[in-house]
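Let us take a walk through a protein model together. Please have the sequence and the 3D view at hand.

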Amino acid sequence: MQQTIIGDSEMNEAEAENESATDLNGDGHADNAGKRSSVVDDAERATALSHIASLLRCYRDKRQTADVAERGKQLSRLDTLLHRYEDELQAVDNPDAADTAGNADNADVVDAETEPQTESPTPTEQAEPATRKRSYAAIQILKRVGHGIRTVWSRRPKLSYALYAVVFTVITAAAVLFLQWSVYNPIEYADDAQIDNTTRIMGTMAGQLTKFVSQMWLENQWQFLLNFLVVGLMYLVVVTFLNRFWVATAIFGTVMVVFSIANRFKYLLRNEPIIPADLSFISSGNTGEIVSFIPEDGTDLVNTAIVGLTYFVVICLVLQFLDRRNGLIPCHWRPSRFLRVTNIIAVLARIAAFVATAALLVSFTWNLNVPNSWAQQWARSLSDSPQPWNALADAQSNGTAISFLRLVNAKTMDKPEGYSEETLKNLAERYTDSANAINATRTTNLTDSSVVMILSESFADPTRIPGVAFSIDPIPNIRAIKNATTSGLMLSPGYGGGTANIEYQALTGLSMANFDESMLTMYQQLVPSQDAPYAFNQIWNNRYGDTGSVAYHPYYQNMYLRDHNYDRFGFSHLYTLDSDPAIEHQDHIDASAYVSDAASYANVLDAINSQDHPQFIQLTTMQNHSDYGDYYSHNEFRKADLSPLGDNERWLIENYAKGLSLTDQATAEFLNTLNTIDKPVTVIFYGDHLPSIYTTANADMDNTLTLHETDYFIWSNQASASADSKVSGEQTAFSSTNYCMSLAAEHMNATVSPYLALLTELQREIPSISRVGSVAAGWGEGDATYLDENGTIIDPDTLTEPAKQLLHDYQLVQYDMTAGDGYLYQTDFFDVKQSKHVPLMRDQVPQTYEATQTYNPYVDMWYQEYQH
């Protein structure tokens with residue numbers, strides 16, 4: 001207590017203090033000898049207190065010049081002095097013990113005749129002085145113990161900043177490695193496998209962690225350093241905020257361990273890491289659901305972590321108590337000390353340290369996913385190579401911390417001017433009128449037919465690329481189909497990647513052109529945080545229930561988090577290689593690493609035949625995914641290649657062309673099979689993006705649009721009322737995937753919702769909308785790009801007033817559906833009214849598509865087997 005009052009005071013004249021102490025003691029003994037039978041009066045108390053106060057003032061006046069060691073000695077002497085003074089006062093306040101003998105003598109001289117005879121004391125009264133004496137002795141012992149504790153406490157050491165730096169480095173490095181441990185799994189080899197010991201060792205958990213660190217000096221890959229700096233910055237934010245190093249260490253370490261273990265469990269269960277959207281479980285109070293994700297064999301790990309964290313936290317707290325350096329930046333907030341100049345400077349330094357570190361962390365996180373920002377460029381300089389198509393691979397390669405932060409900034413889009421509930425309700429009413437006008441001439445319903453939406457991986461006619469030529473046509477069948485039905489070119493936001501973005505546009509009708517530039521992968525940054533995002537498959541769900549839509553992807557379900565996102569869209573099931581049950585047809589062609597398109601189509605045919613009602617079926621193929629090795633046993637495009645390109649580029653294009661040829665043949669056979677089915681089926685077929693193999697064309701900025709244009713067609717089988725239909729080429733020559741469903745409705749002459757009415761009218765004014773960057777941009781980086789019916793870029797400032805209004809309405813709708821308050825979900829904006837006309841069904845008249853090129857024997861064999 002005395003240290004708190006005069007914590008930095010001193011007393012340089014020890015002799016004066018000793019004399020004062022002697023005076024007090026002398027006064028006390030004289031007082032006790034002269035007045036044992038009475039209590040010290042108020043005047044004497046005041047004199048003693050005045051004496052002590054004068055000593056305190058003396059110490060206060062000299063506190064600025066005191067030596068630290070001398071100050072501690074003087075404080076100790078002052079404690080001794082105060083305790084002696086308290087002892088004297090206590091003795092005065094409890095005179096019974098000291099006066100026992102005197103009272104006995106006085107009793108002998110009392111005149112029995114003149115004084116009334118008193119009764120002898122009871123045993124209880126006799127015991128009271130002894131009890132008070134024992135209590136007094138106990139109090140004195142406690143005081144001395146307290147004094148000893150205070151003395152030890154005042155002499156505890158100040159741990160050095162060097163020790164802080166060492167602990168900071170060790171804890172940060174351990175956190176990075178623990179985070180990486182959560183996404184690694186030991187690679188197991190068979191005992192008889194021809195694998196050297198080094199490879200086996202590097203495949204272990206320790207080997208993978210060692211490689212993540214050692215690649216800095218072995219391969220000049222700096223991902224560990226990047227994660228170390230970022231995680232260290234997080235740690236520093238906690239330290240500067242609390243200003244207590246050991247408490248901050250306990251909290252930071254605990255959070256890192258808990259996050260790593262949770263990340264480990266999700267990886268083992270779902271083959272994907274935790275993403276920011278998963279934290280909504282905590283904010284929504286679903287912690288019980290999170291606990292249910294702990295695997296049965298994970299209990300031991302949890303128990304071990306709890307024990308380890310308990311020891312860790314206790315050690316940190318003990319160190320905090322033993323460390324006399326209470327704050328990393330020592331400062332005081334009590335009014336008596338706050339106004340000192342040195343303290344004000346310390347307080348400002350502490351605030352500045354926290355603000356600076358927090359601002360740096362927020363700025364880095366906010367800009368990490370923004371194209372060409374300082375954070376992205378700095379991360380790239382430290383070997384960061386984003387893999388947005390696979391969150392797990394991104395975490396394993398670039399680091400768990402960086403992969404997580406990459407998805408934190410999910411700014412969807414800026415709020416359009418005039419956004420309000422009233423505006424959106426008026427908009428819904430206007431397009432309800434538009435839908436009614438369109439539906440007046442429509443004779444069918446979308447849900448009267450099965451609609452198969454096929455995203456054909458990397459499908460695009462290579463002969464449109466400058467410098468590429470073959471003596472035979474790689475896609476004769478699909479070229480013939482395009483000539484006979486609704487078809488054209490799709491403006492894609494991606495080149496060499498970004499499949500999920502194009503797929504998202506087709507399923508939702510929304511466009512990347514309207515999103516913020518930092519929104520690069522909606523499947524990872526947007527959809528996981530939405531409760532019930534809208535997608536067109538819900539039109540069939542509303543009519544046929546849970547079996548109204550199904551999806552197929554012959555790869556792994558964690559790609560672009562499709563399993564989560566398709567569930568949110570309302571698909572009854574996503575069949576993949578690792579789903580339960582898995583996709584049935586998984587055949588490969590020759591040495592190809594991917595499931596063939598023919599096998600993918602077989603799964604769709606099974607789905608159509610498995611239900612007695614129409615469905616929406618989503619298929620995302622994999623056959624033509626990179627890389628483009630020499631997988632096929634016979635490649636006729638080796639001799640047919642007329643391209644004046646380098647050998648390596650020619651080789652890749654020839655392999656890619658062979659894959660397209662197989663897709664072309666399988667697609668023709670698939671449509672032929674659909675023509676034999678007595679169910680109305682409409683197919684929406686489109687390529688998502690071009691492969692990144694056109695090195696020569698990619699070097700020319702004039703080829704930007706060409707390298708972002710893929711092929712599409714919309715086709716109906718002979719059992720459909722829309723068989724042989726073809727929407728005018730002037731309206732369909734150039735389009736974008738956000739218009740897929742509105743174009744399909746027009747092709748099918750089917751009724752539309754107010755939302756589809758908006759897309760129909762917008763497509764007539766602005767045929768293609770997408771975000772297109774440089775030819776090197778692969779994941780949707782770039783600016784909003786608009787094309788007219790001739791494929792010419794439109795300057796937004798030159799748009800007609802109706803086109804500007806439609807575009808603004810489109811932006812209002814997209815904002816409301818993704819970042820706004822969802823006013824449209826409270827209206828009938830997405831409801832499709834059924835046609836009042838009786839659905840027309842064509843007689844089954846098979847029509848086949850054949851080309852002069854001979855079909856691949858594998859495809860002929862598959863087709864014959866399927867027919868049987």
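**A guided tour**

There are zero disulfides in the structure, a disulfide being a pair of cysteine sulfur atoms within 2.5 Å. In general, a disulfide is a covalent bond that links the sulfur atoms of two cysteines.

Before going on, a word on what you are looking at. This is a predicted model, in which local features need pLDDT of at least 70 and side-chain atom pairs count only at pLDDT 80 or more, while totals for chains, interfaces and linings use all residues. Residues are numbered from 1 along each chain as its sequence is written, and side-chain values use heavy atoms, with hydrogens and water left out.

Now step back to see the whole. The protein has 34 helices and ten strands; both are DSSP runs numbered from the N terminus, helices being H or I with at least four residues and strands E with at least two. Of its 868 residues, 51% are buried. Among the contacts with a separation of 6 or more, 77% are between residues 24 or more positions apart, where contact means heavy atoms within 4.5 Å.

Next, look inside. The largest nonpolar core has 76 residues. Such a core is a set of buried Ala, Val, Leu, Ile, Met, Phe, Trp, Tyr and Cys residues joined through side-chain atoms within 4.5 Å. Tyr 686, Met 741, Tyr 755 and Phe 829 have the most contacts inside this core. Helix α33, residues 801-818, gives the core its largest share, eight residues. Apart from this core lies another, of 47 residues, and Tyr 164, Val 230, Leu 328 and Ala 375 are among its members.

Which residues does Tyr 755 touch, leaving out those up to four places away in sequence? The list runs from Thr 508, Gly 509 and Leu 510 through Tyr 534 and Phe 536 to Val 813, Met 817, Phe 829 and Phe 830.

Leu 759 and Tyr 739 are 20 residues apart in sequence, and their C-alpha atoms are 6.4 Å apart in space. Setting aside neighbours within four places in sequence, Leu 759 is in contact with Gly 509, Phe 536, Asn 738, Tyr 739, Ser 742 and Tyr 810.

Let us follow α32 to a helix partner. Helix α31 (residues 740-748) packs with helix α32 (residues 754-765) at an angle of about 90°, their axes 9 Å apart. The axes are lines fitted to C-alpha atoms, for helices over the stretch in contact, and angles run from 0 to 180 degrees between N-to-C directions. That makes α31 roughly perpendicular to α32, since angles of 65 to 115 degrees count as roughly perpendicular, under 35 as roughly parallel, over 145 as roughly antiparallel and the rest as oblique. On the α31 side, Met 741, Ser 742, Leu 743 and Glu 746 meet Leu 756, Leu 759, Thr 760, Gln 763 and Arg 764 of α32.

A second pair is formed by helix α21 (residues 476-484) and helix α28 (residues 647-674), which pack at an angle of about 50° with their axes 7 Å apart. These two helices are therefore oblique to each other. Pro 476, Asn 477, Ile 478 and Ile 481 of α21 make this contact with Asp 664, Gln 665, Thr 667, Ala 668 and Leu 671 of α28.

Finally, visit some loops with backbone details. The peptide bond from Asp 580 to Pro 581 is cis, with omega near 0°, and Pro 581 lies in the loop between β4 (574-575) and α26 (597-610). Asp 590 is in the loop between β4 and α26; its phi is near 50°, a positive value in a residue other than glycine. Asp 590 is partly exposed, with a relative accessible area of 48%. Tyr 560, in the loop between β3 (549-552) and α25 (562-569), has a positive phi of about 60° although it is not a glycine. Is Tyr 560 buried or exposed? Tyr 560 is buried, with a relative accessible area of 5%.

Definitions and conventions. Buried < 20%, exposed > 50% of the residue type's maximum accessible area, 1.4 Å probe, protein only.
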